[in-house]
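Biologist: I have a model open and would like to go through a few spots with you. Can we start with a loop residue and then move on to the helices and strands?

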Amino acid sequence: MENEIDPLESAIGERLRLLRTARNQTLDDLASASGVSRAMISRIERGEASPTAQLLSRLCAALGLTLSAFFAFSQGDGEPLSRREKQTVWRDPETGYQRRAVSAPNTASRVEVIDVEFPAGARIAYPPETAKAGMTQHVWLFSGALRMTIAGTVHDLAPGDCLYMSITEGHVFENPGTEPAHYAVVLDRGRNNRGNDERHKAARS
């Protein structure tokens, strides 16, 4: 049906609302911190709008969370085994970028593993995120082509290449090829990052 709300969009909206209220933030507070309009945040929370990857990244940055922590919908302490059929898969409505949260959510590990399929010609730019100081990631390309621009430096990756970077630096993902790029992101939240504690706190709220 035309007006039917997608279950994942509804879950994203409810997750955003719970995280916001757990921090005693109003819609205006989150809008000011993220640069996303109050009206758009309200639509997302009601499940009436699908956030793009860039928009969701800005909301997560304002909440002090990684995307993986945001998509950790399960509550309580995490199981050590992450079954493929239970892994959260999300597709960016703007670029078709698809991310699969591979690593088990809600564990004590600082490391998160994400599997990504990136369509040909797609491009996503992430601004510097000073709130995530100490967080780093490896981008490991399995197939296709991937161009990474980090702080003005361009890196063209071929299958098998792995690029290390700090999350605090502005970076751009771009697929200059004619086929989808398939890669993994291995994210280290850092010793002093509060994402894991915040995720457990939000899960119990």
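**Loops, helices and strands**

Modeller: Start with Gln 87, which touches Ser 82, Arg 100, Ala 101 and Val 102, leaving aside residues up to four places away in sequence. Keep in mind that this is a predicted model.

Biologist: Where is Gln 87 found?

Modeller: In the loop between helix 5 (67-70) and strand 1 (89-91).

Biologist: Is Gln 87 buried or exposed?

Modeller: Gln 87 has a relative accessible area of 14%, and under 20% counts as buried, so Gln 87 is buried.

Biologist: Helices next. Which residues of helix 2 are buried?

Modeller: Helix 2 covers residues 27-34, and its buried residues are Leu 27, Leu 30, Ala 31 and Ser 34.

Biologist: Why do the buried residues line one face of helix 2?

Modeller: Looking down the axis of helix 2, the buried residues fall within an arc of 100°, so they line one face. As background, an α-helix has 3.6 residues a turn, so residues three or four places apart point the same way.

Biologist: And what do those buried residues pack against?

Modeller: Helix 1 (7-22), helix 3 (38-45) and helix 4 (53-63).

Biologist: Take helix 4. At what angle do helix 2 and helix 4 pack?

Modeller: About 110°, with the axes 8 Å apart. Angles of 65 to 115 degrees count as roughly perpendicular, so helix 2 is roughly perpendicular to helix 4.

Biologist: Which residues meet there, between helix 2 and helix 4?

Modeller: From helix 2, Leu 30, Ala 33 and Ser 34; from helix 4, Arg 58, Leu 59, Ala 62 and Leu 63. By class, this contact has five nonpolar residues, one polar and one charged.

Biologist: What follows helix 2?

Modeller: Gly 35, with a positive phi near 80°.

Biologist: Where does Asn 106 lie, and is Asn 106 buried or exposed?

Modeller: Asn 106 is in the loop between strand 2 (98-101) and strand 3 (111-118). Asn 106 counts as buried, at 1% relative accessibility. For context, most residues other than glycine have a negative phi.

Biologist: How many bridges join strand 5 and strand 10?

Modeller: Seven, in the antiparallel sense, between residues 136-143 of strand 5 and residues 181-188 of strand 10. Val 139 stands opposite Val 185 of strand 10.

Biologist: Last one, strand 6 and strand 7. In what sense do they pair?

Modeller: Antiparallel, over five bridges, with strand 6 at residues 146-150 and strand 7 at residues 153-157. Leu 146 has Leu 157 in strand 7 as its bridge partner.

Biologist: How many residues are between the strands in that hairpin?

Modeller: Two residues, and in this hairpin Ala 151 takes a positive phi near 50°.

Notes. Residues numbered from 1 in each chain as written. Predicted model: local features only at pLDDT ≥ 70, side-chain atom pairs only at ≥ 80, totals over all residues. Heavy atoms only, no water. Helix = DSSP H or I, 4+ residues; strand = E, 2+ residues; numbered from the N terminus. Buried < 20%, exposed > 50% of the residue type's maximum accessible area, 1.4 Å probe, protein only. Contact = heavy atoms within 4.5 Å. Arc of directions from axis to C-beta. Pairing = 2+ DSSP bridges. Axes fitted to C-alpha atoms, helices over the stretch in contact; angles between N-to-C directions. Parallel < 35°, antiparallel > 145°, perpendicular 65-115°, else oblique. Nonpolar A, V, L, I, M, F, W, Y, C, P; charged D, E, K, R; others polar.
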